[in-house]
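Please read the following note with the sequence and the coordinates open beside it. The points are numbered so that each can be checked on its own.

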Amino acid sequence: MNIPARLQSQRALGGNWPDWLDRLPKLVETMIDEWQLKPDGPPKHGYTSLVLPVLQDGVPAALKLTVDGDDESEHEALALTHWAGRGAVRLLRADPHRRVLLLERLDSADLLSVPEGQAGEIIGGLYRLLHRPALPKLVPVSRYTERWLGALAELSRDAPIPRRLVQQALSTGRELIDSEPVDEAVIVHGDLHYENVLAAERADWLAIDPKPMAGDPHFEPAPMLWNRWACIVEAADVRGAILGRLYTIVDAGGLDEHRARAWVLVRVVLNAHWTIQSAARSNRDLSAVDREAITRYVTIAKAVNR
């Protein structure tokens with residue numbers, strides 16, 4: 001099996017990546033044999049996983065293998081089991097120890113294929129299905145956020161992120177953690193955006209690839225703002241386009257606008273920081289793509305900041 005080049009490029013990140021990528025072809029072969037599957041097309045991939053179309057007893061399915069050490073997706077099988085196909089792809093079989101899942105096969109069409117406003121309404125509708133009472137085993141959003149803010153606090157003052165936004169993200173993030181409604185914590189998907197929602201036969205649209213956590217549902221909207229970015233920059237009023245997209249999602253999902261804006265600010269500044277960290281881990285200077293991403297995150301932060 002040939003590993004897609006873009007997934008193979010993650011080897012440069014170090015950590016668990018080289019070992020996992022070296023073992024991946026054999027692991028695919030082993031799982032196909034153990035679960036009696038038949039390959040049914042070329043592999044696809046996300047940032048941290050490989051997905052291979054397969055047949056199980058002649059029925060289309062998808063074999064998903066995730067890199068070791070990706071703690072945000074550690075409890076993907078648990079969340080999918082709890083959702084039981086309600087608003088999300090159905091889990092058919094799992095080997096959590098080897099980070100391997102067998103999923104129902106969905107269509108290839110995602111929310112990039114529908115108008116922006118309609119996509120926002122669909123996402124809001126999925127929030128209402130997925131945000132069920134949190135499971136005890138899930139890691140709280142607050143625990144992740146505390147760790148991320150701790151790293152952000154060490155950011156160099158000469159980093160290409162406005163210092164006032166860094167300080168606002170730090171203070172706002174801590175306020176959100178302190179005010180998190182623990183008794184009302186829900187299962188948070190964590191990465192729900194246009195390309196993580198696919199068409200299906202049994203439902204119009206279903207979520208895939210969760211990074212499940214327990215916590216504040218207002219954590220969710222940010223990925224919907226930094227994805228499908230070309231539509232934003234083409235608008236005459238960029239800030240208005242960002243806020244208009246956010247308002248659609250917030251209204252459809254029954255969320256509080258103020259708290260959603262606060263989480264967006266925190267998450268986009270964190271993403272800008274991670275872009276800088278990723279370049280540093282790869283021992284390289286920021287590329288044009290990196291700087292473009294940082295500009296995007298800063299633009300969103302300024303738009304939602306009052």
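**Notes on two regions**

1. Helix 10 (residues 257–281) and helix 11 (residues 288–304) pack at an angle of about 165°, and their axes are 9 Å apart; axes here are lines fitted to C-alpha atoms over the stretch in contact, with angles running from 0 to 180 degrees between N-to-C directions. Helix 10 and helix 11 are therefore roughly antiparallel, a term applied to angles over 145 degrees.

2. The model is predicted, and local features need pLDDT of at least 70, side-chain atom pairs count only at pLDDT 80 or more, and totals for chains, interfaces and linings use all residues. Residues are numbered from 1 along each chain as its sequence is written, and side-chain values use heavy atoms, with hydrogens and water left out.

3. Helix 4 (residues 116–130) contains Leu 129, and helices are DSSP runs (H or I, at least four residues) numbered from the N terminus. At 1.5 Å a residue, the 15 residues of helix 4 should span 21 Å, which agrees with the 21 Å between its end C-alpha atoms; the expected span is 1.5 Å times one less than the number of residues.

4. The buried residues of helix 4 include Ala 119, Ile 122, Ile 123 and Leu 126, where buried means under 20% relative accessible area, exposed over 50% and partly exposed in between (1.4 Å probe, protein chains only). Leu 129 is partly exposed, with a relative accessible area of 30%.

5. Leu 129 and Gly 87 are 42 residues apart in sequence, yet 5.6 Å apart in space, C-alpha to C-alpha.

Technical notes
Helices (H or I, at least four residues) and strands (E, at least two) are DSSP runs, numbered from the N terminus. Angles under 35 degrees count as roughly parallel, over 145 as roughly antiparallel, 65 to 115 as roughly perpendicular and the rest as oblique.
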